[in-house]
Amino acid sequence: MSPEITKHNGKAQKSPLRSMPPPSSFTPVTPHLAISPTVSVVVPAMNEAENLPHVFATIPQWVDEIVLVDGNSVDDTVAVAKRLRPNVKIVTQTGKGKGDALSAGFAACTSDIIVMIDADGSTDGREIISFVGALVTGADFVKGSRYAAGGGSDDLTLNRRLGNKVLTGIVNVMYKTSYTDLCYGYNAFWARHLDVLDLDCDGFEVETLMNVRAAKAGLKVHEVPSHERNRIHGESNLRAVRDGFRVLKTILKEWRRQPSDPQPEPTATPAADRGVA
């Protein structure tokens, strides 16, 4: 193992590197790549039985835990999820709305990293490796962007595109961020930052709330390109004007809220020992 070289009084000194975790603690991703942290994927779903076969097929087998939050579906959403992944963790939502569902799902996760995707087929589970890769190389919070190089969308209407651009610009000015895509539901973060995010909203404004609170807390936020696809079956509950005003209200409300302090990295798994092998 190569030593770590530091300088003291102008002279180079060598100190041994911290040991890597044992091979058994890494999860194989490809024959040449493995990751040490465990990964949970949260899928909020309501009446998405027809879409789940496609969605679950894109989630990598190396993901440690899938948490499906069922919004009291009247179709076979839960049965289909159990058939596709017998070890899926089912959480029954007691409230309403996407924000409430994600909060319940996050609370049920047991992994080091939490990834949130949609159950309608619009987010591609094969992109999870990009989010996890950014986290294990130094990011605290990773957000997907349809506007980053390599990203895109098959589903953005003109109204949604303009609204997202305006709201993203407002956040960038108010919170000194450089986001390219505010209202997108594909995000991932270290579970230890759940207290910082402190979700307390019900609707689609949840993505904006997470992005703003991550920035206010000083988390290292990284964007990765993501391609949004059309919903496969069914109709979306998103309403551009109504939800746009809720997002704007959230942005302004957060301006007056004191940020929470982020949790330090656990000493049991130093940053140098986490990541790609």
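Predicted model: local features only at pLDDT ≥ 70, side-chain atom pairs only at ≥ 80, totals over all residues.

Reader: Why is cysteine 109 called buried?

Author: Its relative accessibility is 15%. Buried means under 20%, so cysteine 109 gets that label.

Reader: And why is cysteine 183 called partly exposed?

Author: Cysteine 183 comes out at 24%.

Reader: What makes asparagine 164 count as buried?

Author: Its relative accessible area is 3%, and the cut-off is under 20%, so asparagine 164 is buried. You'll find asparagine 164 in helix H5, residues 158–175. Leaving out residues up to four places away in sequence, asparagine 164 touches Arg146, Tyr147, Asp181, Leu182 and Cys183.

Reader: Now the rings. How many aromatic pairs does a search of the whole structure find?

Author: Five.

Reader: Why is the pair of phenylalanine 141 and phenylalanine 189 called stacked?

Author: Their ring centres are 6.1 Å apart, and a pair needs centres within 6.5 Å, so they pair. Their planes sit at 10°, and under 30 degrees counts as stacked, so that's the name. This pair links distant parts of the chain: phenylalanine 141 is in strand S9 (residues 141–145) and phenylalanine 189 in strand S11 (residues 187–190), 48 residues apart. Both phenylalanine 141 and phenylalanine 189 are buried.

Reader: What makes tyrosine 184 and tyrosine 186 edge-to-face?

Author: Here the planes are at 65°, and the label needs over 60, so edge-to-face it is. The ring centres are 6.5 Å apart. Tyrosine 184 and tyrosine 186 are both buried, too.

Reader: Which residues form one aromatic cluster?

Author: Phe106, Phe141 and Phe189.

Reader: How do you know that lysine 143 lies over the face of tyrosine 179?

Author: Lysine 143 is 4.7 Å from the ring centre, and the distance limit is within 6 Å. There's an angle test as well: within 35 degrees of the ring normal.

Reader: Last one: what makes helix H7 mostly covered?

Author: Of the 11 residues in H7 (residues 206–216), 10 are buried. Among them are Val206, Leu209, Met210 and Lys216. After H7 comes glycine 218, with a positive phi near 80°.

Technical notes:
Residues numbered from 1 in each chain as written. Heavy atoms only, no water. Helix = DSSP H or I, 4+ residues; strand = E, 2+ residues; numbered from the N terminus. Buried < 20%, exposed > 50% of the residue type's maximum accessible area, 1.4 Å probe, protein only. Contact = heavy atoms within 4.5 Å. Phe/Tyr/Trp six-rings, centres within 6.5 Å; stacked < 30°, edge-to-face > 60°.
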